[in-house]
Amino acid sequence: QVQLVESGGGLVQAGGSLRLSCVASGRTFSTYAMGWFRQVPGKERELIAAISWISSTNYADSVKGRFTISRDNAKNTVYLQMSTLKPEDTAVYYCAAASVRWTSPDGYNYWGRGTQVTVSS
């Protein structure tokens, strides 16, 4: 089992930056791929960034070039650096862990509770 806790959300103006963090419990963090999802009311949860066990990365087109996912296995932490934020980035952001299929939303087994990001225009 992995427990995940996100932090770093908040209110930011368009064009600004935020860094989200997600700390995982347990000793096996390095054996999981990690992903960041976001969800707005009425829409499905979207996988926007993922990082594998060997730090290969994958991004949704909507955030490519603006967001960067990274991990620090010594700290059991995954980060999402968000830059050039837009009002349409407003959502609840979740981190999640996957055992195998890390590029597919269906591959994620463990979830945090989410952190709100609001981008004002």
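Q: What does "buried" stand for when a residue is described here?
A: A residue is buried under 20% relative accessible area, exposed over 50%, and partly exposed in between, using a 1.4 Å probe and protein chains only. By that cut-off Cys22 is buried, with a relative accessible area of 0%. The model is predicted, so local features need pLDDT of at least 70 and side-chain atom pairs count only at pLDDT 80 or more, while totals for chains, interfaces and linings use all residues. Residues are numbered from 1 along each chain as its sequence is written, and side-chain values use heavy atoms, with hydrogens and water left out.

Q: What does Cys22 form with Cys95?
A: A disulfide is a pair of cysteine sulfur atoms within 2.5 Å. Cys22 and Cys95 form one, with their sulfur atoms 1.9 Å apart. This pair links distant parts of the chain, since Cys22 lies in strand S3 and Cys95 in strand S9, 73 residues apart. Cys95 is buried too, at a relative accessible area of 0%. The rule gives a count of 1 disulfide.

Q: How many helices and strands are there in the protein?
A: Both are DSSP runs numbered from the N terminus: helices are H or I with at least four residues, strands are E with at least two. The protein has 0 helices and 11 strands.

Q: Where is Asp89 found, and which residues does Asp89 touch?
A: Asp89 sits in the loop between strand S8 (77-82) and strand S9 (91-98). At 1% relative accessibility, Asp89 is buried. Contact means heavy atoms within 4.5 Å. Leaving aside residues up to four places away in sequence, Asp89 touches Arg38, Arg66, Phe67, Thr84, Val117 and Val119.

Q: What kind of contact does the side chain of Asp89 make with the side chain of Arg38?
A: A polar contact is a pair of N or O atoms within 3.5 Å; within protein, one must be able to donate a hydrogen and the other to accept it, and residues adjacent in sequence count only if both atoms are side-chain atoms. The side chains of Asp89 and Arg38 make such a polar contact, at 2.8 Å.

Q: Is Thr28 buried, exposed or partly exposed?
A: Thr28 is partly exposed, with a relative accessible area of 39%. Thr28 belongs to the loop between strand S3 (18-24) and strand S4 (33-39). The C-alpha atoms of Thr28 and Val2 are separated by 8.3 Å, although the two residues are 26 apart along the chain.

Q: What share of the residues in the protein is buried?
A: Buried residues make up 45% of the 121 residues.
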